Amino acid sequence: MGKKLTRSFFNRPTIEVAKDLLGKYLIKGNFVGEINEVEAYDGAIDPACHSFNGKTKRTEVMFGKPGVSYVYFIYGMYHCFNVVTEKKGNGCAVLIRGVKPISPTNLKTNGPGKLCRAFNITKKDNCIDLCTSKNFYIEDRKVIPKIIKTSKRIGINKGKNFEWRFYY
DNA sequence: GTCCCGATTCTA
DNA sequence: AGAATCGGGACT
């Protein structure tokens, strides 16, 4: 249907990728959602970013190829889904915070934890290359958000000043 | 091994 | 405002 996002889309400055992900379609098996809320995490200057204090087993994937999924477990009960951005080694990613459910339309997908629960995204979906996967990827269906809103990020205690949450 | 905290969500 | 709930990471 749409065109799958390629490596070069993700291999750009994280803020740009974050904004450009709005209106794109997330595909996970039979689940489809239009991305409408994201947050940028730039490991170079952002203390809230998991990769800020260097590479660990968990954050290793963030230092890898752009376009690869970074899924982590949080608060003992939720998963959060990110896409790695920028060139290998930079440790940056975009958190997908919410989508508008397209298929099926009754899913509750407003919020990173709820999105992962609805789309069945778990640790086994960590480290998946979204540029080559057949059942987990993001595509462009030529939806252009008219107005992109910006705000501070949700639920963090560091890097509070960055206005790196984008939604519409 | 121990301890603290977290990119959330739901209830009130 | 508080609870639920447990893995990651820093530190001993």
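Trainee: Hi! Which side chain does the side chain of R97 make a polar contact with?
Mentor: Hello! The side chain of R97 makes a polar contact with the side chain of E37, at 2.8 Å. Keep in mind that this is a predicted model.

Trainee: Okay, and where is the place of R97?
Mentor: R97 sits in strand β6.

Trainee: Does R97 count as buried or exposed?
Mentor: R97 has 11% relative accessibility, so it counts as buried, the cut-off being under 20%.

Trainee: Which residues does R97 touch, leaving out those up to four places away in sequence?
Mentor: R97 touches E37, V38 and E39, along with T109, N110, G111 and P112, and also I154 and R165.

Trainee: I keep seeing E39. What stands opposite E39 in β6?
Mentor: That would be L95. E39 also stands opposite R165, which belongs to β9.

Trainee: So let's talk about β3. How many bridges does β3 have with strand β6?
Mentor: There are 10 bridges between β3 and β6 (residues 92-103), and the pairing is antiparallel. Strand β9 (residues 165-167) pairs with β3 as well, again in the antiparallel sense, over three bridges.

Trainee: And what about β2, how many bridges join it to β3?
Mentor: Four bridges join β2 (residues 25-28) to β3, and these two run antiparallel. Within that pairing, K28 stands opposite F31 of β3.

Trainee: What do β2 and β3 form?
Mentor: They form a hairpin with two residues between them. In the turn, G29 has a positive phi of about 65°.

Trainee: Why is β3 described as largely enclosed by the rest of the structure?
Mentor: Because 10 of the 12 residues in β3 (residues 31-42) are buried.

Trainee: Changing topic: which residues are around DNA strand C?
Mentor: The residues around DNA strand C are T56, R58, F73, Y75, G76, M77 and K123. Sugar and phosphate make up 68% of the DNA strand C atoms that come within 4 Å of the protein.

Trainee: How does that surface split by class?
Mentor: Near DNA strand C there are three nonpolar, two polar and two charged residues.

Trainee: What is T56 doing there, and how far is its polar side-chain atom from a phosphate oxygen?
Mentor: A polar side-chain atom of T56 lies 2.6 Å from a phosphate oxygen of DNA strand C. For R58, an N or O atom of the side chain is 3.1 Å from a phosphate oxygen of DNA strand C.

Terms used:
Residues numbered from 1 in each chain as written. Chains lettered and ligands numbered in written order. Predicted model: local features only at pLDDT ≥ 70, side-chain atom pairs only at ≥ 80, totals over all residues. Heavy atoms only, no water. Near = heavy atom within 4 Å. Polar contact = N/O pair within 3.5 Å; in protein donor to acceptor, adjacent residues only side chain to side chain. Nonpolar A, V, L, I, M, F, W, Y, C, P; charged D, E, K, R; others polar. Buried < 20%, exposed > 50% of the residue type's maximum accessible area, 1.4 Å probe, protein only. Pairing = 2+ DSSP bridges. Contact = heavy atoms within 4.5 Å.
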